[in-house]
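Here is a short report on one protein chain. Please look over the sequence and the model first.

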Amino acid sequence: MISRFLLILAVNCVAQGCTQVKVWERGNLAKSEMAFTPDPMQEKLHDHIYHSKEASQSVAAGAGGGCGCN
């Protein structure tokens, strides 16, 4: 009985995030404020500098380490 209740509760929690986006609402979602990274170029630059200073390699970057100039 408890496991059934937990299953129903879990399904309800997961299903709350699913919704249909109406056509007239898509314009709001396309605004730059709604993006995960409002300025992708600035985010890429910060990522490059961070990984250069940490001497590590990210998924998107090339070799790590050094001055970060390349």
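## Fold and surface

From the N terminus on, the elements of the protein chain run α-α-α. The count is three helices and zero strands. This is a predicted model. The protein chain averages a pLDDT of 79, and 79% of the residues score at least 70. Where pLDDT is low, the predicted coordinates should not be read in detail.

Of the 70 residues, 4% count as buried.

| Helix | Residues | Mean pLDDT |
|---|---|---|
| H2 | residues 26–29 | 88, the highest among the elements |
| H3 | residues 40–54 | 84, the lowest among the elements |

Helix H1 covers residues 2–15. H1 is hardly covered: the number of buried residues in it is zero.

Phe5 is found in H1. Is Phe5 buried or exposed? Its relative accessibility is 54%, and exposed means over 50%, so Phe5 counts as exposed. Phe5 also belongs to a nonpolar surface patch with Ile2, Leu6 and Leu9. Together these four residues have about 440 Å² of accessible area. An α-helix has 3.6 residues a turn, so residues three or four places apart point the same way.

Helix H3 has 15 residues. From its first C-alpha to its last, H3 reaches 21 Å, close to the 21 Å expected at 1.5 Å a residue. Ala55 follows H3, and the phi of Ala55 is positive, near 55 degrees.

Definitions and conventions. Residues numbered from 1 in each chain as written. Predicted model: local features only at pLDDT ≥ 70, side-chain atom pairs only at ≥ 80, totals over all residues. Heavy atoms only, no water. Helix = DSSP H or I, 4+ residues; strand = E, 2+ residues; numbered from the N terminus. Expected span 1.5 Å × (residues − 1). Buried < 20%, exposed > 50% of the residue type's maximum accessible area, 1.4 Å probe, protein only. Patch = residues over 30% accessible without salt bridge, like charges linked within 9 Å, V, L, I, M, F, W, Y side chains within 5 Å. Areas by Shrake-Rupley, 256 points an atom, 1.4 Å probe, with all protein chains shown as cover. Salt bridge = Lys/Arg side-chain N within 4 Å of Asp/Glu carboxyl O. pLDDT = per-residue confidence, 0-100.
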